Amino acid sequence: MQTIQPQHSSTEENEIILGTGMGPLKFGATQDEVRALMGEPEEIEESEDDDEFEHQAWNYLEEGYSLYFDREDDYRLSCIETDHPGLRIFGQPIHGKSVDEIQELMRQNGLESTEVERMDTGETRLSYEKEMIDLYFDEDQLQFVNFGVFISDDLEVQWPS
């Protein structure tokens with residue numbers, strides 16, 4: 001019996017689709033579906049006891065992805081964090097771009113940032129709260145992105161269809 005290896009390179013595949021996922025990784029996917037697509041993670045982290053949300057983080061270190069599964073959502077994929085150099089949004093490569101360049105790209109696509117915050121660690125965080133995306137910059141260059149499934153005003157998870 002032939003085993004089919006997961007296609008790691010399959011994740012316009014580093015295209016962030018707000019509220020939906022990235023490439024073939026869709027929010028709402030089960031852990032089994034993610035495993036079939038991505039293979040086994042290099043490490044799995046459990047949330048700390050004092051964390052507000054119980055979750056697992058699956059880390060694909062080589063590819064530069066951390067995938068988050070919340071217990072409250074039956075451990076379905078709800079958030080992705082990535083520093084992949086091929087990262088794209090709205091069809092544009094974004095890794096290494098400046099805060100101004102990202103804000104302009106988002107503005108061209110109808111999005112206004114809700115917050116720009118200088119972190120204690122020296123990074124800058126650009127947040128689009130309604131769109132559930134945070135972009136992190138070091139020395140004014142985009143380093144990594146954290147984005148998740150949309151949440152309605154009454155805090156209901158909006159799984160993509």
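**Talking through the model**

Mentor: Let's begin at Leu-155, which counts as exposed because its relative accessibility is 70%. Keep in mind that this is a predicted model.

Trainee: Okay, and where does Leu-155 lie?
Mentor: Leu-155 is in the loop between strand 14 and strand 15, the latter being residues 157-158. Its phi is positive, about 65°, although Leu-155 is not a glycine.

Trainee: What about phi of Asp-140?
Mentor: Asp-140 has a positive phi too, near 60°, and again the residue is something other than glycine. Asp-140 sits in the loop between strand 12 (133-138) and strand 13.

Trainee: Is Asp-140 buried, partly exposed or exposed?
Mentor: Partly exposed, because its relative accessible area is 41%, and that class runs between 20% and 50%.

Trainee: Which residue has Asp-140 among its contacts?
Mentor: Ser-98 does: leaving out neighbours within four places in sequence, Ser-98 is in contact with Phe-137 and Asp-140. You'll find Ser-98 in the loop between strand 9 and helix 2 (99-108). Ser-98 is buried, as its relative accessible area is 13%.

Trainee: Let's zoom out. How many helices and strands are there in the chain?
Mentor: The protein chain has 2 helices and 15 strands.

Trainee: And what is the strand order in the open sheet?
Mentor: That sheet has 5 strands in the order 3-2-1-8-9, with mixed pairing. Its edges are strand 3 (25-26) and strand 9 (92-93), each pairing on one side only. Further in, strand 1 (residues 15-17) and strand 2 (residues 21-22) pair in the antiparallel sense over 2 bridges. Ile-17 has Gly-21 in strand 2 as its bridge partner.

Trainee: How do strand 10 and strand 11 pair?
Mentor: Antiparallel, with 4 bridges between strand 10 (residues 115-118) and strand 11 (residues 124-128). Glu-117 is bridged to Arg-125 in strand 11. The hairpin has 5 residues between those strands, and Gly-122 takes a positive phi there, near 100°.

Trainee: Back to loops. Where does Val-149 lie?
Mentor: Val-149 is in the loop between strand 13 (141-148) and strand 14 (150-151). Val-149 counts as buried because its relative accessibility is 4%.

Trainee: What is Val-149 in contact with?
Mentor: Setting aside neighbours within four places in sequence, its contacts include Gly-19, Phe-27, Ser-78, Met-132 and Trp-159. As for Met-38, its C-alpha atom is separated from that of Val-149 by 19 Å, and the two are 111 residues apart along the chain.

Trainee: And His-55, buried or exposed?
Mentor: Buried, because its relative accessibility is 17% and the cut-off is under 20%. His-55 belongs to strand 5 (residues 55-60). Not counting residues up to four places away in sequence, His-55 touches several residues, among them Glu-45, Glu-46, Asp-70, Arg-71 and Tyr-75.

Trainee: Last topic, the whole chain. Why does its radius of gyration agree with a compact globule?
Mentor: Because a compact globule of 161 residues would come out near 15 Å, and the protein chain has 16 Å. The C-alpha atoms fill a box of roughly 50 × 35 × 35 Å along the principal axes. Buried residues make up 42% of the 161.

Trainee: How about accessible surface and charges?
Mentor: The accessible surface is about 9,500 Å², with 43% of that belonging to carbon and sulfur atoms. The chain has 10 positive and 41 negative charges, and their mean positions are 6 Å apart.

Technical notes. Residues numbered from 1 in each chain as written. Predicted model: local features only at pLDDT ≥ 70, side-chain atom pairs only at ≥ 80, totals over all residues. Heavy atoms only, no water. Pairing = 2+ DSSP bridges. Rg over C-alpha atoms; globule rule 2.2 N^0.38 Å. Buried < 20%, exposed > 50% of the residue type's maximum accessible area, 1.4 Å probe, protein only. Areas by Shrake-Rupley, 256 points an atom, 1.4 Å probe, with all protein chains shown as cover. Lys, Arg positive; Asp, Glu negative; His and termini not counted. Charge placed at Lys NZ, Arg CZ, Asp CG, Glu CD. Contact = heavy atoms within 4.5 Å.
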